[in-house]
Protein chains: 2
Amino acid sequence: MEKKREYNYRIEPRDSDFMKRATLMSLADYILHTAGEDADRGGFGVRDLNMRNASWVLVRMALEVVRMPAEYERIRIATWVSDVTRAMTTRNFEVFGEDGTPAACAVTNWAMMDLSARRMLDLHSLRACDSMTQDFPLPAALPRRLGTPDAEREYEHDVVYSDLDFNCHANSVKYIQWVVDTLPLEVLREKRFARTDINFLREVHYGERLRIFACGADEPLFEIRNGSGEAVCRLAFELV
Amino acid sequence: MEKKREYNYRIEPRDSDFMKRATLMSLADYILHTAGEDADRGGFGVRDLNMRNASWVLVRMALEVVRMPAEYERIRIATWVSDVTRAMTTRNFEVFGEDGTPAACAVTNWAMMDLSARRMLDLHSLRACDSMTQDFPLPAALPRRLGTPDAEREYEHDVVYSDLDFNCHANSVKYIQWVVDTLPLEVLREKRFARTDINFLREVHYGERLRIFACGADEPLFEIRNGSGEAVCRLAFELV
(Lines give C-alpha, C1' and ligand atoms only; values in the text may rest on other atoms or scores of the structure.)
Protein backbone atom coordinates (compact mmCIF):
# COMPACT_ATOMS: atom_id res chain seq x y z
CA MET A 1 0.00 0.00 0.00
CA GLU A 2 1.15 3.50 -0.76
CA LYS A 3 2.65 5.49 2.11
CA LYS A 4 1.69 8.95 3.34
CA ARG A 5 4.35 11.50 2.49
CA GLU A 6 6.11 13.06 5.48
CA TYR A 7 7.81 16.35 6.29
CA ASN A 8 10.03 17.22 9.24
CA TYR A 9 10.23 20.45 11.23
CA ARG A 10 11.52 21.76 14.52
CA ILE A 11 9.56 24.09 16.81
CA GLU A 12 11.80 27.16 16.89
CA PRO A 13 11.79 29.82 19.66
CA ARG A 14 9.83 32.16 17.38
CA ASP A 15 7.14 29.45 17.01
CA SER A 16 6.75 29.21 20.76
CA ASP A 17 4.78 31.16 23.31
CA PHE A 18 5.54 32.12 26.91
CA MET A 19 4.79 28.52 27.98
CA LYS A 20 7.56 27.27 25.66
CA ARG A 21 5.03 25.44 23.51
CA ALA A 22 4.13 25.91 19.85
CA THR A 23 1.38 28.47 19.32
CA LEU A 24 -1.77 27.40 17.48
CA MET A 25 -0.73 29.78 14.70
CA SER A 26 2.70 28.23 14.25
CA LEU A 27 1.22 24.72 14.27
CA ALA A 28 -1.30 25.79 11.59
CA ASP A 29 1.54 27.44 9.69
CA TYR A 30 3.61 24.22 9.59
CA ILE A 31 0.52 22.32 8.45
CA LEU A 32 -0.22 24.79 5.64
CA HIS A 33 3.46 24.91 4.72
CA THR A 34 3.36 21.11 4.41
CA ALA A 35 0.34 21.41 2.08
CA GLY A 36 2.36 23.76 -0.12
CA GLU A 37 5.48 21.58 -0.16
CA ASP A 38 3.52 18.43 -0.90
CA ALA A 39 1.49 20.04 -3.68
CA ASP A 40 4.74 21.34 -5.22
CA ARG A 41 6.13 17.81 -5.08
CA GLY A 42 2.98 16.47 -6.78
CA GLY A 43 3.27 19.04 -9.58
CA PHE A 44 0.16 20.98 -8.57
CA GLY A 45 1.61 23.58 -6.18
CA VAL A 46 0.87 27.30 -6.14
CA ARG A 47 3.76 27.98 -8.48
CA ASP A 48 2.42 25.39 -10.98
CA LEU A 49 -1.08 26.87 -10.76
CA ASN A 50 0.27 30.42 -11.08
CA MET A 51 1.57 29.48 -14.52
CA ARG A 52 -2.05 29.00 -15.60
CA ASN A 53 -3.09 32.12 -13.70
CA ALA A 54 -4.77 30.13 -10.94
CA SER A 55 -4.12 29.58 -7.25
CA TRP A 56 -5.23 27.45 -4.30
CA VAL A 57 -7.69 28.95 -1.85
CA LEU A 58 -8.07 27.51 1.64
CA VAL A 59 -11.81 27.31 2.27
CA ARG A 60 -12.18 25.40 5.55
CA MET A 61 -9.91 23.89 8.16
CA ALA A 62 -10.37 21.62 11.18
CA LEU A 63 -7.43 21.26 13.55
CA GLU A 64 -7.36 18.92 16.55
CA VAL A 65 -4.62 19.15 19.16
CA VAL A 66 -3.87 16.26 21.51
CA ARG A 67 -0.67 17.76 22.91
CA MET A 68 0.92 21.01 21.78
CA PRO A 69 4.55 20.31 20.75
CA ALA A 70 7.24 21.93 22.91
CA GLU A 71 9.91 24.46 21.95
CA TYR A 72 12.83 22.76 20.17
CA GLU A 73 10.75 19.57 19.69
CA ARG A 74 11.14 17.88 16.31
CA ILE A 75 7.81 17.13 14.69
CA ARG A 76 6.84 15.04 11.67
CA ILE A 77 3.81 15.87 9.54
CA ALA A 78 2.26 13.18 7.31
CA THR A 79 -0.10 14.41 4.59
CA TRP A 80 -2.35 13.05 1.87
CA VAL A 81 -5.21 14.14 -0.37
CA SER A 82 -8.29 11.98 0.19
CA ASP A 83 -10.85 13.44 -2.18
CA VAL A 84 -11.12 15.65 -5.25
CA THR A 85 -14.58 16.84 -6.30
CA ARG A 86 -15.22 19.44 -9.00
CA ALA A 87 -15.43 22.19 -6.37
CA MET A 88 -13.08 21.14 -3.61
CA THR A 89 -10.21 18.93 -2.55
CA THR A 90 -9.66 17.48 0.93
CA ARG A 91 -6.12 17.35 2.30
CA ASN A 92 -5.35 15.62 5.60
CA PHE A 93 -2.53 15.88 8.09
CA GLU A 94 -1.20 13.92 11.05
CA VAL A 95 1.33 15.60 13.31
CA PHE A 96 3.63 13.39 15.39
CA GLY A 97 5.79 14.54 18.28
CA GLU A 98 9.45 13.68 18.76
CA ASP A 99 8.47 10.51 20.67
CA GLY A 100 6.46 9.33 17.67
CA THR A 101 3.02 9.67 19.29
CA PRO A 102 0.22 11.73 17.67
CA ALA A 103 0.27 15.39 18.74
CA ALA A 104 -2.34 16.83 16.35
CA CYS A 105 -4.25 16.26 13.11
CA ALA A 106 -6.03 18.40 10.56
CA VAL A 107 -8.51 18.19 7.68
CA THR A 108 -8.57 21.01 5.13
CA ASN A 109 -10.70 21.88 2.10
CA TRP A 110 -9.25 23.77 -0.84
CA ALA A 111 -10.71 25.30 -3.97
CA MET A 112 -8.87 26.43 -7.10
CA MET A 113 -9.38 30.03 -8.20
CA ASP A 114 -8.85 31.80 -11.52
CA LEU A 115 -6.81 34.85 -10.53
CA SER A 116 -8.16 37.17 -13.26
CA ALA A 117 -11.86 36.25 -13.18
CA ARG A 118 -11.71 35.70 -9.34
CA ARG A 119 -13.98 32.66 -9.73
CA MET A 120 -13.57 29.02 -8.76
CA LEU A 121 -12.29 26.51 -11.32
CA ASP A 122 -13.26 22.88 -11.92
CA LEU A 123 -10.68 20.74 -10.12
CA HIS A 124 -11.17 17.93 -12.61
CA SER A 125 -9.36 20.15 -15.14
CA LEU A 126 -6.13 19.53 -13.19
CA ARG A 127 -3.97 17.07 -15.08
CA ALA A 128 -2.54 15.56 -11.88
CA CYS A 129 -6.07 15.11 -10.48
CA ASP A 130 -6.34 11.32 -10.85
CA SER A 131 -3.02 10.54 -9.22
CA MET A 132 -3.56 13.02 -6.37
CA THR A 133 -5.63 10.99 -3.95
CA GLN A 134 -4.64 8.29 -1.45
CA ASP A 135 -7.13 6.09 0.27
CA PHE A 136 -6.59 6.47 4.03
CA PRO A 137 -9.32 7.20 6.62
CA LEU A 138 -9.83 10.86 7.63
CA PRO A 139 -7.85 11.68 10.81
CA ALA A 140 -10.73 13.86 12.15
CA ALA A 141 -14.26 14.92 11.22
CA LEU A 142 -14.53 17.26 8.22
CA PRO A 143 -14.43 21.01 9.01
CA ARG A 144 -17.85 22.23 10.18
CA ARG A 145 -19.86 24.96 8.49
CA LEU A 146 -20.16 27.72 11.11
CA GLY A 147 -22.98 30.19 11.77
CA THR A 148 -22.88 33.80 12.98
CA PRO A 149 -22.23 34.30 16.71
CA ASP A 150 -24.27 36.57 18.97
CA ALA A 151 -22.18 39.69 19.45
CA GLU A 152 -21.42 39.30 23.18
CA ARG A 153 -17.91 40.68 22.82
CA GLU A 154 -16.28 42.86 20.18
CA TYR A 155 -12.67 43.59 19.19
CA GLU A 156 -10.91 45.50 16.40
CA HIS A 157 -7.92 44.85 14.19
CA ASP A 158 -6.35 47.01 11.47
CA VAL A 159 -4.70 45.00 8.71
CA VAL A 160 -1.02 45.99 8.65
CA TYR A 161 2.05 45.21 6.52
CA SER A 162 3.15 42.27 8.68
CA ASP A 163 -0.26 40.61 8.15
CA LEU A 164 0.22 40.40 4.37
CA ASP A 165 1.43 37.42 2.40
CA PHE A 166 2.77 37.23 -1.14
CA ASN A 167 -0.76 37.75 -2.55
CA CYS A 168 -0.98 41.10 -0.72
CA HIS A 169 -3.88 39.65 1.31
CA ALA A 170 -3.74 38.78 4.97
CA ASN A 171 -2.27 35.31 5.42
CA SER A 172 -4.76 32.62 6.59
CA VAL A 173 -2.73 32.01 9.73
CA LYS A 174 -3.23 35.66 10.72
CA TYR A 175 -6.99 35.13 11.08
CA ILE A 176 -6.19 32.54 13.74
CA GLN A 177 -3.70 34.89 15.41
CA TRP A 178 -6.15 37.82 15.64
CA VAL A 179 -8.76 35.59 17.24
CA VAL A 180 -6.37 33.80 19.63
CA ASP A 181 -5.03 37.20 20.72
CA THR A 182 -8.52 38.09 22.03
CA LEU A 183 -8.54 35.15 24.48
CA PRO A 184 -7.67 35.84 28.13
CA LEU A 185 -4.14 34.78 29.10
CA GLU A 186 -5.53 32.39 31.77
CA VAL A 187 -7.45 30.51 29.08
CA LEU A 188 -4.32 30.24 26.93
CA ARG A 189 -2.36 29.03 29.93
CA GLU A 190 -4.85 26.47 31.25
CA LYS A 191 -6.81 25.19 28.26
CA ARG A 192 -6.00 23.16 25.17
CA PHE A 193 -7.34 23.87 21.66
CA ALA A 194 -8.89 20.39 21.45
CA ARG A 195 -10.55 21.31 18.16
CA THR A 196 -10.62 24.40 15.96
CA ASP A 197 -12.99 24.82 12.98
CA ILE A 198 -12.36 27.68 10.57
CA ASN A 199 -14.39 28.90 7.57
CA PHE A 200 -12.44 31.28 5.34
CA LEU A 201 -15.02 33.40 3.51
CA ARG A 202 -13.32 36.45 2.01
CA GLU A 203 -9.90 37.96 1.48
CA VAL A 204 -8.89 40.97 3.52
CA HIS A 205 -6.62 43.73 2.29
CA TYR A 206 -4.06 46.17 3.62
CA GLY A 207 -5.49 49.01 5.70
CA GLU A 208 -8.91 47.42 6.31
CA ARG A 209 -10.34 47.88 9.78
CA LEU A 210 -11.77 44.53 10.88
CA ARG A 211 -14.22 43.91 13.70
CA ILE A 212 -14.20 40.62 15.58
CA PHE A 213 -17.45 39.47 17.23
CA ALA A 214 -17.48 36.62 19.72
CA CYS A 215 -19.76 34.61 22.01
CA GLY A 216 -19.34 31.62 24.35
CA ALA A 217 -16.57 30.58 26.73
CA ASP A 218 -15.61 26.89 26.55
CA GLU A 219 -16.76 26.61 22.94
CA PRO A 220 -16.36 30.20 21.76
CA LEU A 221 -17.49 31.20 18.28
CA PHE A 222 -15.97 34.14 16.38
CA GLU A 223 -16.79 36.11 13.26
CA ILE A 224 -14.41 38.58 11.66
CA ARG A 225 -16.14 41.27 9.57
CA ASN A 226 -14.65 43.78 7.14
CA GLY A 227 -15.46 47.49 6.88
CA SER A 228 -18.59 46.74 4.82
CA GLY A 229 -19.88 44.44 7.58
CA GLU A 230 -19.32 41.28 5.51
CA ALA A 231 -18.11 38.16 7.31
CA VAL A 232 -14.56 37.32 6.18
CA CYS A 233 -13.93 34.40 8.52
CA ARG A 234 -15.72 32.35 11.20
CA LEU A 235 -13.84 30.36 13.79
CA ALA A 236 -14.91 28.02 16.61
CA PHE A 237 -12.78 26.50 19.37
CA GLU A 238 -13.41 23.56 21.65
CA LEU A 239 -11.31 24.37 24.70
CA VAL A 240 -10.73 21.63 27.26
CA MET B 1 43.56 32.38 11.72
CA GLU B 2 40.36 31.33 13.39
CA LYS B 3 37.24 31.28 11.20
CA LYS B 4 33.91 32.96 11.83
CA ARG B 5 31.25 30.43 12.69
CA GLU B 6 28.42 30.13 10.17
CA TYR B 7 24.73 29.19 10.23
CA ASN B 8 22.44 28.39 7.31
CA TYR B 9 18.78 29.28 6.84
CA ARG B 10 16.19 29.52 4.11
CA ILE B 11 13.75 32.43 3.73
CA GLU B 12 10.41 30.68 4.13
CA PRO B 13 7.07 32.01 2.83
CA ARG B 14 6.13 33.11 6.36
CA ASP B 15 9.36 35.18 6.49
CA SER B 16 8.41 36.99 3.31
CA ASP B 17 6.23 39.97 2.56
CA PHE B 18 3.98 40.79 -0.40
CA MET B 19 7.08 41.56 -2.50
CA LYS B 20 8.36 38.01 -1.91
CA ARG B 21 11.33 39.31 0.03
CA ALA B 22 12.34 38.74 3.64
CA THR B 23 10.81 41.27 6.02
CA LEU B 24 13.13 43.34 8.21
CA MET B 25 11.64 41.48 11.19
CA SER B 26 12.43 38.03 9.83
CA LEU B 27 15.98 39.08 8.90
CA ALA B 28 16.47 40.43 12.44
CA ASP B 29 14.94 37.23 13.79
CA TYR B 30 17.44 35.01 11.91
CA ILE B 31 20.27 37.23 13.14
CA LEU B 32 19.13 37.01 16.79
CA HIS B 33 18.47 33.28 16.41
CA THR B 34 22.07 32.92 15.20
CA ALA B 35 23.27 34.79 18.30
CA GLY B 36 21.39 32.29 20.44
CA GLU B 37 22.67 29.22 18.60
CA ASP B 38 26.25 30.44 18.62
CA ALA B 39 26.19 31.36 22.32
CA ASP B 40 24.74 27.89 23.07
CA ARG B 41 27.60 26.37 21.11
CA GLY B 42 30.12 28.43 23.06
CA GLY B 43 28.64 27.30 26.38
CA PHE B 44 27.27 30.73 27.32
CA GLY B 45 23.76 30.57 25.83
CA VAL B 46 20.52 31.60 27.51
CA ARG B 47 20.00 28.09 28.85
CA ASP B 48 23.51 28.09 30.38
CA LEU B 49 22.90 31.51 31.93
CA ASN B 50 19.44 30.46 33.17
CA MET B 51 21.14 27.83 35.33
CA ARG B 52 22.81 30.67 37.25
CA ASN B 53 19.55 32.65 37.20
CA ALA B 54 20.83 35.10 34.60
CA SER B 55 19.95 35.92 31.00
CA TRP B 56 21.19 37.92 28.01
CA VAL B 57 19.55 41.26 27.31
CA LEU B 58 19.80 42.85 23.88
CA VAL B 59 20.65 46.50 24.51
CA ARG B 60 21.38 47.97 21.07
CA MET B 61 21.35 46.77 17.48
CA ALA B 62 22.53 48.20 14.15
CA LEU B 63 21.38 46.42 11.00
CA GLU B 64 22.48 47.33 7.47
CA VAL B 65 20.77 45.88 4.43
CA VAL B 66 22.45 45.87 1.02
CA ARG B 67 19.86 43.62 -0.63
CA MET B 68 16.90 42.01 1.10
CA PRO B 69 17.04 38.21 0.51
CA ALA B 70 14.21 36.74 -1.59
CA GLU B 71 11.60 34.16 -0.64
CA TYR B 72 13.09 30.63 -0.76
CA GLU B 73 16.65 32.06 -0.92
CA ARG B 74 19.21 30.23 1.16
CA ILE B 75 21.23 32.57 3.36
CA ARG B 76 24.35 32.08 5.42
CA ILE B 77 25.03 34.08 8.58
CA ALA B 78 28.57 34.39 9.93
CA THR B 79 28.93 35.58 13.52
CA TRP B 80 31.60 36.44 16.05
CA VAL B 81 32.01 38.28 19.34
CA SER B 82 34.52 41.13 19.03
CA ASP B 83 34.57 42.64 22.47
CA VAL B 84 33.64 41.87 26.07
CA THR B 85 33.71 44.72 28.59
CA ARG B 86 32.38 44.48 32.15
CA ALA B 87 29.04 45.96 31.06
CA MET B 88 28.52 44.81 27.49
CA THR B 89 29.54 42.40 24.77
CA THR B 90 29.57 43.16 21.04
CA ARG B 91 28.41 40.45 18.64
CA ASN B 92 28.69 40.88 14.87
CA PHE B 93 26.97 39.30 11.91
CA GLU B 94 27.49 39.09 8.16
CA VAL B 95 24.58 37.81 6.05
CA PHE B 96 25.37 36.34 2.65
CA GLY B 97 22.85 35.61 -0.10
CA GLU B 98 22.64 32.36 -2.06
CA ASP B 99 25.12 33.75 -4.62
CA GLY B 100 27.66 34.29 -1.86
CA THR B 101 27.60 38.10 -1.99
CA PRO B 102 26.92 40.22 1.14
CA ALA B 103 23.21 40.93 1.69
CA ALA B 104 23.30 42.48 5.16
CA CYS B 105 25.33 42.90 8.32
CA ALA B 106 24.66 43.72 11.96
CA VAL B 107 26.39 44.82 15.15
CA THR B 108 24.68 44.12 18.48
CA ASN B 109 25.40 44.94 22.13
CA TRP B 110 24.31 42.63 24.91
CA ALA B 111 24.30 42.86 28.69
CA MET B 112 23.89 40.05 31.21
CA MET B 113 21.08 40.40 33.74
CA ASP B 114 20.47 38.76 37.11
CA LEU B 115 16.87 37.54 36.81
CA SER B 116 15.98 37.92 40.51
CA ALA B 117 17.65 41.24 41.31
CA ARG B 118 16.85 42.58 37.78
CA ARG B 119 20.29 44.21 37.63
CA MET B 120 23.18 43.92 35.22
CA LEU B 121 26.03 41.52 35.99
CA ASP B 122 29.76 41.84 35.38
CA LEU B 123 30.52 40.00 32.14
CA HIS B 124 34.04 39.22 33.32
CA SER B 125 32.42 36.77 35.76
CA LEU B 126 31.58 34.52 32.78
CA ARG B 127 33.96 31.59 32.73
CA ALA B 128 33.93 31.42 28.90
CA CYS B 129 34.68 35.16 28.69
CA ASP B 130 38.34 34.91 27.59
CA SER B 131 37.73 32.46 24.79
CA MET B 132 34.65 34.31 23.50
CA THR B 133 36.18 36.97 21.30
CA GLN B 134 37.57 36.81 17.77
CA ASP B 135 39.63 39.58 16.25
CA PHE B 136 37.85 40.60 13.00
CA PRO B 137 36.98 44.18 11.98
CA LEU B 138 33.41 45.37 12.74
CA PRO B 139 31.13 44.88 9.69
CA ALA B 140 29.37 48.24 10.35
CA ALA B 141 29.51 51.19 12.72
CA LEU B 142 28.46 50.46 16.32
CA PRO B 143 24.75 51.01 17.09
CA ARG B 144 24.02 54.69 17.73
CA ARG B 145 22.55 56.10 20.92
CA LEU B 146 19.24 57.65 19.87
CA GLY B 147 17.40 60.70 21.24
CA THR B 148 13.68 61.40 21.62
CA PRO B 149 11.84 62.32 18.40
CA ASP B 150 9.47 65.27 18.04
CA ALA B 151 5.97 63.81 18.17
CA GLU B 152 4.91 64.56 14.58
CA ARG B 153 2.94 61.32 14.27
CA GLU B 154 1.45 58.99 16.86
CA TYR B 155 0.29 55.35 16.81
CA GLU B 156 -0.92 52.81 19.35
CA HIS B 157 -0.28 49.14 20.00
CA ASP B 158 -1.72 46.83 22.65
CA VAL B 159 0.67 44.03 23.68
CA VAL B 160 -1.07 40.74 22.90
CA TYR B 161 -0.36 37.03 23.39
CA SER B 162 1.36 36.62 20.00
CA ASP B 163 3.84 39.38 20.93
CA LEU B 164 5.19 37.43 23.93
CA ASP B 165 8.29 35.29 24.03
CA PHE B 166 9.33 32.62 26.55
CA ASN B 167 10.14 35.34 29.12
CA CYS B 168 6.52 36.59 28.95
CA HIS B 169 7.85 39.90 27.60
CA ALA B 170 7.38 41.17 24.08
CA ASN B 171 10.06 39.70 21.83
CA SER B 172 12.72 42.20 20.60
CA VAL B 173 11.75 41.54 16.99
CA LYS B 174 8.20 42.70 17.75
CA TYR B 175 9.43 46.25 18.49
CA ILE B 176 10.72 46.33 14.92
CA GLN B 177 7.44 44.93 13.59
CA TRP B 178 5.25 47.49 15.39
CA VAL B 179 7.36 50.34 13.99
CA VAL B 180 7.65 48.94 10.44
CA ASP B 181 3.86 48.44 10.41
CA THR B 182 3.41 52.23 10.81
CA LEU B 183 5.29 52.95 7.55
CA PRO B 184 3.23 53.66 4.41
CA LEU B 185 3.05 50.72 1.99
CA GLU B 186 4.66 52.84 -0.79
CA VAL B 187 7.72 53.38 1.40
CA LEU B 188 7.97 49.65 2.11
CA ARG B 189 7.62 48.93 -1.60
CA GLU B 190 10.09 51.49 -2.90
CA LYS B 191 12.71 52.00 -0.22
CA ARG B 192 15.41 49.86 1.35
CA PHE B 193 16.25 49.77 5.08
CA ALA B 194 19.86 50.79 4.38
CA ARG B 195 20.50 51.09 8.11
CA THR B 196 18.45 50.56 11.25
CA ASP B 197 19.60 51.57 14.74
CA ILE B 198 17.66 50.32 17.75
CA ASN B 199 18.00 51.08 21.46
CA PHE B 200 16.12 48.62 23.67
CA LEU B 201 15.41 50.44 26.94
CA ARG B 202 12.71 48.57 28.87
CA GLU B 203 10.73 45.35 28.80
CA VAL B 204 7.06 45.48 27.90
CA HIS B 205 4.42 43.16 29.29
CA TYR B 206 1.15 41.55 28.27
CA GLY B 207 -1.80 43.92 28.09
CA GLU B 208 0.24 47.15 28.09
CA ARG B 209 -1.02 49.88 25.78
CA LEU B 210 2.00 51.34 23.98
CA ARG B 211 2.19 54.63 22.13
CA ILE B 212 4.57 55.08 19.22
CA PHE B 213 5.82 58.60 18.42
CA ALA B 214 7.59 59.37 15.16
CA CYS B 215 9.19 62.17 13.17
CA GLY B 216 11.04 62.48 9.84
CA ALA B 217 10.57 60.77 6.46
CA ASP B 218 13.79 59.50 4.83
CA GLU B 219 15.49 59.10 8.18
CA PRO B 220 12.52 58.59 10.51
CA LEU B 221 13.04 58.33 14.24
CA PHE B 222 10.64 56.45 16.54
CA GLU B 223 10.08 56.14 20.25
CA ILE B 224 7.80 53.55 21.82
CA ARG B 225 6.43 54.54 25.25
CA ASN B 226 4.61 52.44 27.83
CA GLY B 227 1.49 53.38 29.79
CA SER B 228 3.58 55.37 32.30
CA GLY B 229 5.06 57.43 29.45
CA GLU B 230 8.51 55.83 29.80
CA ALA B 231 10.50 55.18 26.61
CA VAL B 232 10.82 51.42 26.06
CA CYS B 233 12.56 51.51 22.68
CA ARG B 234 13.95 54.03 20.17
CA LEU B 235 14.47 53.16 16.55
CA ALA B 236 15.91 55.05 13.56
CA PHE B 237 15.87 54.07 9.88
CA GLU B 238 17.96 55.28 6.99
CA LEU B 239 15.70 54.64 4.00
CA VAL B 240 17.22 54.87 0.52
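Between chain A and chain B, 14 residue pairs are in polar contact, both residues of each pair being at pLDDT 80 or more; a polar contact here is a pair of N or O atoms within 3.5 Å, of which, within protein, one must be able to donate a hydrogen and the other to accept it, and residues adjacent in sequence count only if both atoms are side-chain atoms. Helix 1 (24-42), helix 4 (172-180) and helix 5 (185-190) of chain A each supply at least two residues of the side of chain A that touches chain B, and the largest share of that side, 5 residues, comes from helix 1 of chain A. Helices are DSSP runs (H or I, at least four residues), as are strands (E, at least two), and they are numbered from the N terminus. By class, the side of chain A that touches chain B has 16 nonpolar, 5 polar and 12 charged residues.

The model is predicted, so that local features need pLDDT of at least 70 and side-chain atom pairs count only at pLDDT 80 or more, whereas totals for chains, interfaces and linings use all residues. Residues are numbered from 1 along each chain as its sequence is written, chains are lettered from A and ligands numbered from 1 in the order in which they are written, and side-chain values use heavy atoms, with hydrogens and water left out.

The contact between the chains (heavy atoms within 4.5 Å) takes 33 residues from chain A and 33 residues from chain B. Chain A and chain B bury about 2900 Å² between them, 54% of it on carbon and sulfur atoms; buried area is the accessible area (1.4 Å probe) that two parts lose on being put together, summed over both. Of the area that chain A buries against chain B, A:R14, A:Y161 and A:F166 supply 27%, more than any other three residues.

Charged pairs also span the two chains, with a count of 6 salt bridges between chain A and chain B, where a salt bridge is a side-chain nitrogen of Lys or Arg within 4 Å of a carboxyl oxygen of Asp or Glu. One joins A:R10 to B:E37, with the closest N and O atoms 3.5 Å apart. Another is formed by A:D29 and B:R14, whose closest N and O atoms are 3.8 Å apart; A:D29 lies in helix 1 of chain A and B:R14 in the loop between strand 1 (5-10) and helix 1 (24-42) of chain B, so the pair joins two chains. A:D29 is buried, with a relative accessible area of 16%, while B:R14, at 31%, counts as partly exposed; buried means under 20% relative accessible area, exposed over 50%, and partly exposed in between (1.4 Å probe, protein chains only).

Over all chains, the structure holds 47 salt bridges. Within chain B, the side chains of B:E223 and B:R234 meet in a salt bridge (2.5 Å, N to O), and this pair links distant parts of the chain, with B:E223 in strand 10 and B:R234 in strand 11, 11 residues apart. B:E223 is buried at 3% relative accessible area, and B:R234, at 17%, likewise counts as buried.

The largest nonpolar core has 135 residues, of which A:F237 and B:F237 touch the most other members; such a core is a set of buried Ala, Val, Leu, Ile, Met, Phe, Trp, Tyr and Cys residues joined through side-chain atoms within 4.5 Å. Leaving aside neighbours within four places in sequence, A:F237 has contacts that include A:L24, A:V179, A:L183 and A:F193.

Key: Nonpolar A, V, L, I, M, F, W, Y, C, P; charged D, E, K, R; others polar.
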